Every structure is written in structure tokens, then in C-alpha cells.
Amino acid sequence: MPSQAEPILDILKKYWKYDAFRPLQQDIIESVLDGRDTLGLMPTGGGKSITFQVPTMAIDGMALVVTPIISLMKDQVDRLRALRIKATYLYAGLTRAEVNRTYEKCLYGNCKFLYVSPERLQSQSFLERLRQMPVRLIVVDEAHCISQWGYDFRPSFLRIAQVRKLFPKAPVLALTATATPVVVEDIQRCLGFKAPNVFSMSFARSNLSYVVRPTEEKVTELVHILRAVPGTAIVYVRSRKRTKQISDELNRMGIHADYYHAGLYVEEKEDKQNKWTANECRVMVATNAFGMGIDKPDVRLVVHVDVPNSLEEYYQEAGRAGRDGKRSWAVLLVKHTDQATLHRHITEAFPDKDFIRSVYERVGNFLGVSLGEGFQQMYDFNFNLFCRTFDLPVLPTHNALKILTQAGYIEFVEEIETQSRVMIHARKEELYDLDTQTPGADQVLQAILRLYTGLFADYVFINEDVIAFRTGLDQETIYKSLLELTRKRILHYVPRKRTPYIIYTTSREEPKHVLIPRAVYEELRQRMSDRIEAIINYAYSDSGCRERMLRGYFGETTGDDCGHCDLCIDRRKRTDHEPADVQQGILYMAGLRPRRLEEFLETLSFPRDEIIAMLSFLVDEGFVEHLDDDTYRKIK
């Protein structure tokens, strides 16, 4: 790579205002600047973005960043632009005009970072434009997606190896928070590493205590935990509906909570996230759509109400607690039916092959794609309407589309929401003498000019609700005004849109010719089964060390027990007390006032089963009375 223009620490201070690098960041940066292919394993909150942003600012040319997370892509570009660093992105959903402007920026040296979604790599026109760009570093974020052994395999990532051929001198930097030893090896193979080169942070978190809490009443237990542990919290569940249900229940119990999932509008997501980040809301109940790229170091508690499908998912999400280094907790709630639920997820994730072929055929009919047509074409795809039209079950259909993606027949790009955006095309002097037919169009234009900057240079995100508030006009009038201003070429308005996409990666085939290879069905099913067995073993183990289980899963076999997970603490309790200590603690508490069982369990630092057994003994022997309101008091 070209020699550095500035020392990397000076760049860090200049743009990011940090005085020093975090552990491993400098090692990865120096490896990249030496021109070596590099794989960085950095747990959630480890500062992955700095490892490619700093070296890119130290060299001539630009970085191509491939990432599957559209929201994170936008967030990072906005942050770089706020630092006055030229950055842009390409993903399915942009207009042709926006795509062309992005190409112009990159071709003429007005861009240091180009973020792209992996499906963009299949476009031949993109590759032709890319070939002309001064790409000096290729970054692969969420690099585990390139490995069929990974928990979130994306076939589109495999095209990165072809992109490397366009820039043989540019090193590749692959980054991920979670990867088993098999995945680590596979990432380097799939990306064509010239030599193995891995930098890995320890998966140990000295300030994070892992706890598994068995309970048949998860919401009740969640309330107890939130009352016992002060500070900001994230509560993860698997369904969108449950986010609101549990959030409402917490608010009824006096715990300030909100909910978050991928189905919300962008503005709603931003508002909820901003209030939570600013501590205006204590608890966010969310699906796994929440958390990526959130810079909030003081999260004290992460609770999983539903058990995730893999330890990779669990470790990433739990790791959002305690980024500031202070004591924090990651709690997993389990009940006896969870094992059966997890095993059912395997069946749901891999529907019958004949069903998958029928879904493929119906997609073509739904989109109007003829046999032999559609290659490299992208189509808006209303998934809910598709399921209703053919009376298809939602979850198996969704998973059938994912399997067809992995088999290489289509690329199913899940729900992407784009905010409304505007770019001014007219010259400034033309804006003061407009002849418009829509009442209020001039007001709308003037409001946009006052509210937003950079409108003459690029597309800028706008919020129609804010414009309505400033002008007093209704949404329909604003919409019609923006359409008229677009027709008159005063500006270009791209309305907000939310839709999935289908991209045909081969021409449409007859269903009988659609082959579902063993590698993307039987083998992936077995790997999912193995991952589920691993998290079941973690969740239902009553001996060992939780953190050591996690470290071992990711190939880190050295190190002692953590000493602060629930199993380590329970083991210490068992050896550091006598039965008389348990008895004395119960009698003391019950003598002050009547207590519920949960109060004894939460207050006394003894094993749960010993407390329950001793309490039962004291009731039987007449030392403690069990009252009608389900409390216990000491008999005088």
C-alpha cells in the first residue's frame, strides 16, 4: 500500500478526538498498512470501524466496505460525514440518479469510503465502474457471513473474492465479532488470504457476569431482575408483537420501557433510540434489530426473554452490556419448554424441498417473470401480499426464500426502508419566481431550504412530519407539492419506501430443475442443529463456568473460570457456608416482616435449592408460618 501521509495516532486524534487506541486496534491498522490480508475478531463494542477508517485516512485512494446491515451502513456514513470525511453508500433501493451521483463522487476522487451491500457485487455495471475507482483497501464487515459454517451465511459475500481480482494489490480486512475456529479458517479461504493472519481479542469480559435464570414466569422474573439491577437495560425477544406486549407490561409495573423492531418507520426507530440513549427511557424491549452500531457504553443489563438460536447471536447481543468496563449483567431466562421450542425452529427453518420449489415457482408468477428471463433483474417484492395471494404460511415461506438465496437462484433482500430524500436541481435564482399549481408548494420549498443544508450538492433526508409542523400544511398537500416541484425539475423528491427485493441471480427455471444442494439444506440443517445443541448445553448446564463455555465455543481454551457468572458464584456459595447460616438468614428476614419466597432468594447469598429446602424445613418444624397471601413470617 502507499506510504502513510500522517501517523495513525495523529489521525485518530484529529478526526475522532481519542488519545489512544483500544486493545488490538493499532495491531490491525499496522497490519493493513503493511499490505497484509487481515482478519480481526473483535467482540461487540471493541471498535471495529476504527481499524479500517484510520488506515484509509492515512493513505491515498479509498476503501470499499462491504456490509450486509443497511442501517449500520447509513449510520457510519452519517458519522463520517459529520467528521467532514467524504463517504457514501450503494444499496438496493436507491434511484438511478442517486447511484450515478455516487459513481461520480468515487470516480473523481471525492470519496474516501464507499459502503456497498453484498448484492451490489453481482451487478456487472457496478463492477465496471468499480474497476476505475482508486480502491486501496477492501473491508468485509460481518465477515462470518462468507462462511457456510457461519450462523448467518450469505452467498452474495462469496463474490468478494472476484472483486479482489480487480485490485490485486489492495489488502482485505475482514472483521467480525464472533467466529468459531472452523469459521475463522473458512473466512480466510473464501477471501483468498495470501497468508493466514488473525488478530483476536479474548472473548472474556471481566466486568460482565453471565447468568441463566430458570423460571416458568418469565415476565414476572424480568420485573424482579429490573428492580434488582439499576441502570439502562435491553430486553431481547424473538417476535415484534412481544416487544410491545412486554414493554406495556413493564410500564404498568412502573418500569419506564419502550419497544423497537424492524417493522417501525425510520423516524420512529430514531426517536426511540435517541430517547433510550439519552436515558429518557430506561428499558428497550426489542428484537435483534436493535443494538447494531449503538454507541451507549453504560448499559448495565441485557436480558434474553427468549433463547437465541446460537451462541454467536447470544454473545453478540449480551456483549452490548458494560462497554464502559463497569460491572454489568447478561441474563438468559429459560423454562422447561424452551428446548422443544428451539428444536422446532430447525423444522421451521428447513421446510420440505417440494414446498421450496413451489415457492420459487409462485415468486416468478407473482412478479411476472417468464421462464428463461429475469437474470440480474431486481424486483420490488411485497412479501405479505405474496403470502396472502397464494395463501402461504409466513415463516416457512420466508425460510424457503432464504434457502433459494443460499442455493443461488435468487437474492432475497429483506425489508429495506428508505427515508424520504430531496435534491435541488434548479439554480438558486430560479427558486424565487415559481409558478406552481399546488397551494402551499412555495411554503414547502421554503421550509425545506430553511430546515436542511447541502440540498444543491446531494440528496438529503427529509421528514414530512417536521415540514408539516413548520408549515401547518397536511401530509397530502406536502406530498402533492413535492411531486409538482419534481415534475417542474425544481427538485427531485424520492418518497419514503419500505419493501423487500428479489434479485434473480439466474434466469427463471422450471421448478423441476431447481436443485436444493446438500450443502445448503442437509448440511446447513445439521449445523443449525449443532448450534442449537450448543446453546441448550449452555442454558441448562448446572456446573462449570458460563464464560468458559462461551470462550471454549469460540476456540479460546486457555484461562481460568471467570469467578463471577452464576455457576461460579453458586459453587463458591456451596463451599463458604453452613446450613445454620441459611437458617439464621431466613429467620432474621422473616422476623422483621412477612416475606415472599422471591425476597429470600434475591436477598440471601446462598444456593436457591438450599434456601427453598431450609424454608420448607422451618415451616414443617413450626419456626416459620406460611400465610394465606403467600408470604412467610417468623413465629414468635
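Setting aside neighbours within four places in sequence, Ser-247 is in contact with Ala-257, Asp-258, Tyr-259 and Val-285. This is a predicted model, and in it Ser-247 belongs to helix H10, which covers residues 240–252. With a relative accessible area of 2%, Ser-247 counts as buried, because the cut-off for that label is under 20%.

Now for the backbone. Most residues other than glycine have a negative phi. Two residues here go the other way. Take Glu-142: this residue is not a glycine, yet its phi is positive, at about 50°. You'll find Glu-142 in the loop that runs between strand S5 (135–140) and helix H7 (160–166). Is Glu-142 buried or exposed? Glu-142 is buried, its relative accessible area being 7%.

Asn-279 is the other case, with a positive phi near 65°. Look for Asn-279 in the loop between helix H11 (266–277) and strand S11 (283–286). At a relative accessible area of 46%, Asn-279 comes out as partly exposed.

On to the nonpolar side chains. In soluble globular proteins, such side chains tend to be buried together. The largest nonpolar core in this model has 73 residues, and the members that touch the most others are Trp-16, Phe-113 and Phe-126.

Terms used:
Residues are numbered from 1 along each chain as its sequence is written. This is a predicted model: local features need pLDDT of at least 70, side-chain atom pairs count only at pLDDT 80 or more; totals for chains, interfaces and linings use all residues. Side-chain values use heavy atoms; hydrogens and water are left out. Helices (H or I, at least four residues) and strands (E, at least two) are DSSP runs, numbered from the N terminus. Buried means under 20% relative accessible area, exposed over 50%, partly exposed in between (1.4 Å probe, protein chains only). Contact means heavy atoms within 4.5 Å. A nonpolar core is a set of buried Ala, Val, Leu, Ile, Met, Phe, Trp, Tyr and Cys residues joined through side-chain atoms within 4.5 Å.
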